[in-house]
Amino acid sequence: DHLVNQIAAGEVVERPASVLKELIENSLDAGCRRIEIDVEQGGVKRLRVRDDGCGIPRDELPLALSRHATSKLAQLRDLDAVASLGFRGEALPSIASVSRLTLTSRARRAHDPGACEASTSGWEVSVGIDGELQGPRPAPHPEGSSVDVCDLFFNTPARRKFLRTERTELDHIEQVFRRIALARPDVGMSLKHNGRVLQSLPSAENDPAGAAARLDRLLGKGFAEKALTVDEAAVDLRLHGWVMRPAFSRSQADQQFFYVNGRAVRDKLLTHAIRQAFSDVLHHGRHPAYVLFLELPPRLVDVNVHPAKHEVRFRESRQVHDFIFSALHRRLSRGAL
Ligand code: ADP
Ligand code: MG
């Protein structure tokens, strides 16, 4: 199983940033209000994510590190979805097979009424070098979970060789952080690297000023003020967020964020529609900056796509393309950017 996990890790874990993405998504799935991220040496030495989510009861801790023991399968509606998301429930065991991983957690009391004594402290499990599970053993922890990933790829030198400099790995980590923080202003998020605080974002739920402050901190001072807000709808489709004139961005590629039903995606069709609207109205289609959210009924999106790869497939791709183009065209024509 250890070997199977290491092979699966090849799918899920490319670099520290991909570990971070999986851990943050687990924290969000656990309904947390706050996520604290602590990284050392570009995430290669250490990557710790702590949340205040629902936590994991003692008896379920070993399961969290076992293959396909996801607690989330029950939420999937049909077997089709299970088949297409077959590799889910693999993130933690995969990461654990290529690092030294410790999972510490305390379940929320309301969810764990029988275990009064147990829930006054926390519990932790880890995976030994041989892949043996160790624990659960008592460990102090507030309500929520911490996942501590040390020495990524220490036992897979071939993968380790593909890692870049500390600076580059940190860039990827910051990009993952930014991408998620933009979509979840309701969750407080902080990021530390080698003991230095790089970001500390309070929750900005129902707080437009807070949301604007977060936008500025993630995309540069003045972004919120200078950007054009977008909110356009058609039958079944809604596009909202911000667009910015091309010259604003420092590095163009990291100022383009697109989400479909809250999930970050990169897609040629979407990029094309946005560019075309910009070039039609502003006669300057290259390198627009934007944070855009497309909402549509789930039945119009195919889930049968690798979730780690930011891909998306629409049932009616032409219709989606044309909606985005005309929505942005309308908005850009109306407002001065
Ligand atoms: P998946 O997210 O697809 O279920 P993972 O391997 O990422 O699979 O996680 C395995 C399981 O561990 C989850 O289903 C969940 O029950 C538990 N888990 C992982 N991280 C957390 C967390 N931060 N808070 C609560 N439960 C968690
Ligand atoms: Mg997961």
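## Ground rules

A residue counts as buried if 20 or more other C-beta atoms lie within 10 Å of its own, as exposed if there are 12 or fewer, and as partly exposed in between, with C-beta atoms placed from the backbone. Keep that in mind, as it comes back for Asn206 with its 9 C-beta neighbours inside 10 Å.

What you're looking at is a predicted model, so local features need pLDDT of at least 70 and side-chain atom pairs count only at pLDDT 80 or more, while totals for chains, interfaces and linings use all residues. Residues are numbered from 1 along each chain as its sequence is written, and chains are lettered from A and ligands numbered from 1 in the order in which they are written.

The score to know is pLDDT, the predictor's confidence in each residue, from 0 to 100. The protein chain averages 86, and 85% of its residues score at least 70. For the complex, the predictor gives an ipTM of 0.99 and a pTM of 0.90.

One stretch to treat with care is residues 77-87, where pLDDT stays under 50. Where pLDDT is low, the predicted coordinates should not be read in detail.

## The overall build

The protein chain has 11 helices and 15 strands; these are DSSP runs numbered from the N terminus, with helices being H or I of at least four residues and strands E of at least two. Of its 337 residues, 36% count as buried.

Two residues are in contact if their C-beta atoms, placed from the backbone, lie within 7 Å. Among contacts between residues at least 6 apart in sequence, 65% join residues at least 24 apart.

## The nonpolar core

A nonpolar core is a set of buried Ala, Val, Leu, Ile, Met, Phe, Trp, Tyr and Cys residues joined through C-beta atoms within 7 Å. The largest one here has 75 residues, and Val19, Leu20, Ile95 and Ile324 have the most contacts inside it. This core draws at least three residues from each of domain 1 (2-201) and domain 2 (227-334), with bounds that come from an automatic or database domain assignment.

Leaving aside residues up to four places away in sequence, Ile324 touches Leu239, Leu270, Ala273 and Ile274.

Most residues other than glycine have a negative phi, and most peptide bonds are trans. Gly135 and Pro136, though, are joined by a cis peptide bond with omega about 5 degrees, and Pro136 sits in strand 5 (residues 133-139).

Asn206 has a positive phi, near 50 degrees, and is found in the loop between strand 8 (196-201) and helix 8 (208-219). Asn206 counts as exposed. Asp236 has a positive phi too, near 70 degrees, in the loop between strand 9 (228-234) and strand 10 (237-244). With 13 other C-beta atoms within 10 Å, Asp236 is partly exposed.
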